[in-house]
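Hi,

Here is the structure I promised to pass on to you. Have a look at it first, and then read on for what turned up in it.

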Amino acid sequence: MKKIAILTSGGDAPGMNACIRAVVRTARYKGIEVAGINRGYQGLIENDFVHLDSSSVSNIIQRGGTILKSSRSEEFRSKEGRVKAANNLIDNRIEGLIAIGGDGTFTGAKLLIEEHGIPILGIPGTIDNDLFGTDNTIGYDTALNTVVEAVDKIRDTADAHGRLFFVEVMGKDAGFIALRSGLASGAEAILVPETETYIDQLIAKLQKGWDRHKTSSIIIVAEGDDAGGAYEVARKVNEKFDYYESKVTILGHIQRGGSPSAYDRVLAGILGNASVEAILDGKSNAMVGLINKKVTLTSFEKAIKHHQKLDQGLLKLAEVLSY
Ligand code: F6P
C-alpha cells in the first residue's frame, strides 16, 4: 500500500483532530502518502481531497471539531452516490480508507467495501459511546466532563432558588452520557432509554427528598428516554408534583465541542496508530477499539448491530448514592 485516505463523518467529537494527527503521523512514519477527504462521504462524492503531511497536522491535537469537517451525507446512502465515491478513491490512487465516526459512518463504509472492494477501517469517534467493540469511543470522556461542568453550574443556581432542574443530555438512543454524567454530578435521578421510566417512582423519590427538606434537585434525562425528552418528563412530573419550581435545560451541542480531554487524546493516538498498522496488515471491514487496554478489531457488522450494554451496576450505584 502506497497511499491511504482519511475522513471524519457524522457528528463530530472532541479528539477527532488528535486522531487525524495520529493516522497521518503513523502513515508518514511508515512512508505512506495520506490524503484527507473534506466533509466526510459528501466530500468523497465531490472529490474534495487534500494532501496531508506531518506538518499539516501540527497544532491540532488540542482542538475540538475536525479540521477535515464532517457531514451526514444523504447522497452516500444511494448506490449512485457510492459509485461516485469509489471512482474518486480510484482516481486519487487511494488503496485504503480510514473512517472516523459512529454507526452511520461504519454502515456506509461496509456498503462501500461490499460494492466496490475498497479496504476500509473504522475508528470510533462519537460522544455517544454506543459502539460495540471498544470500552470508550473518542469524544465520550470529553463530553462527560463538559456535561458535569455544566451540571455543577446548574446545581449552584438550583440550590440558590430551591428549584428542580431537568437536564437533557445527548446520546441518541443510548444512555451512556446520562449515566456517567449523572453519577459524576450527583444527580437525584438518571433517566436512560435502556430501562423503562416510571414517572410515579420518580415522583415518589422527589417526594421523599422534599420530606427530608431537600431544597433542590437535578434529574438527568437522556434525549432518547422512553418517557420523552426533558420538557415532556418535566410536564408529566409537574402534573402531580409541584412543590418545587421546575426548570428545563437542554445542554445540546455544547456537549460536542471543546478541547479534548487527556484521556480522549491518548485514546485517539492509540486507535489512530492501530488503524494504520491494521490496514497495512491487510485488515478491512472492521473497527479498531480498545477493550481492557488492548487494541481489538471488531467487524463493522458487530460494531453497529450489537450495542455495548449499559452498566446495570452503575445504575444501581446511582440509585444508592442518591438515596
Ligand atoms: O451522535 C452524536 C450526536 O450528538 C447525538 O448524541 C445526537 O443525537 C446527534 O448527534 C445530533 O445530531 P445533529 O448534530 O446532526 O443534530
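Let me begin with the inside of the protein. The largest nonpolar core holds 60 residues, and those with the most contacts inside it are Ile-4, Ile-6, Ile-123, Val-167, Ile-177, Ile-218 and Ile-220. Helix α5, which covers residues 140–161, gives this core its largest share, eight residues. Both domain 1 (3–139 + 260–305) and domain 2 (141–256) supply at least three residues each to this core. Please keep in mind that this is a predicted model.

Apart from that core there is another one, with 25 residues, including Phe-76, Ala-99, Leu-131 and Ala-303.

If you leave aside its neighbours within four places in sequence, Ile-123 is in contact with Cys-19, Val-23, Ile-98, Ala-99, Ile-100, Gly-101, Phe-106, Ile-138, Leu-271, Gly-272, Ser-275 and Val-288.

Now to the ligand. Which residues surround the ligand? They are Arg-72, Thr-126, Ile-127, Asp-128, Met-170, Gly-171, Lys-172, Glu-223, His-253 and Arg-256. Three of these are worth a look for their polar atoms:

- Arg-72 has a polar side-chain atom 2.9 Å from an oxygen atom of the ligand.
- Gly-171 has a polar backbone atom 3.1 Å from a ligand oxygen atom.
- Glu-223 has a side-chain N or O atom 2.5 Å from an oxygen atom of the ligand.

As for how covered the ligand is, taken alone it exposes 400 Å², and the protein buries 73% of that.

Enjoy exploring!

Best wishes

Note on methods:
Residues are numbered from 1 along each chain as its sequence is written. This is a predicted model: local features need pLDDT of at least 70, side-chain atom pairs count only at pLDDT 80 or more; totals for chains, interfaces and linings use all residues. Side-chain values use heavy atoms; hydrogens and water are left out. A nonpolar core is a set of buried Ala, Val, Leu, Ile, Met, Phe, Trp, Tyr and Cys residues joined through side-chain atoms within 4.5 Å. Buried means under 20% relative accessible area, exposed over 50%, partly exposed in between (1.4 Å probe, protein chains only). Helices (H or I, at least four residues) and strands (E, at least two) are DSSP runs, numbered from the N terminus. Domain bounds come from an automatic or database domain assignment. Contact means heavy atoms within 4.5 Å. A residue is near a molecule or strand if one of its heavy atoms lies within 4 Å of it. A polar contact is a pair of N or O atoms within 3.5 Å; within protein, one must be able to donate a hydrogen and the other to accept it, and residues adjacent in sequence count only if both atoms are side-chain atoms. Accessible areas come from the Shrake-Rupley method with a 1.4 Å probe; for residues, only the protein chains shown count as cover.
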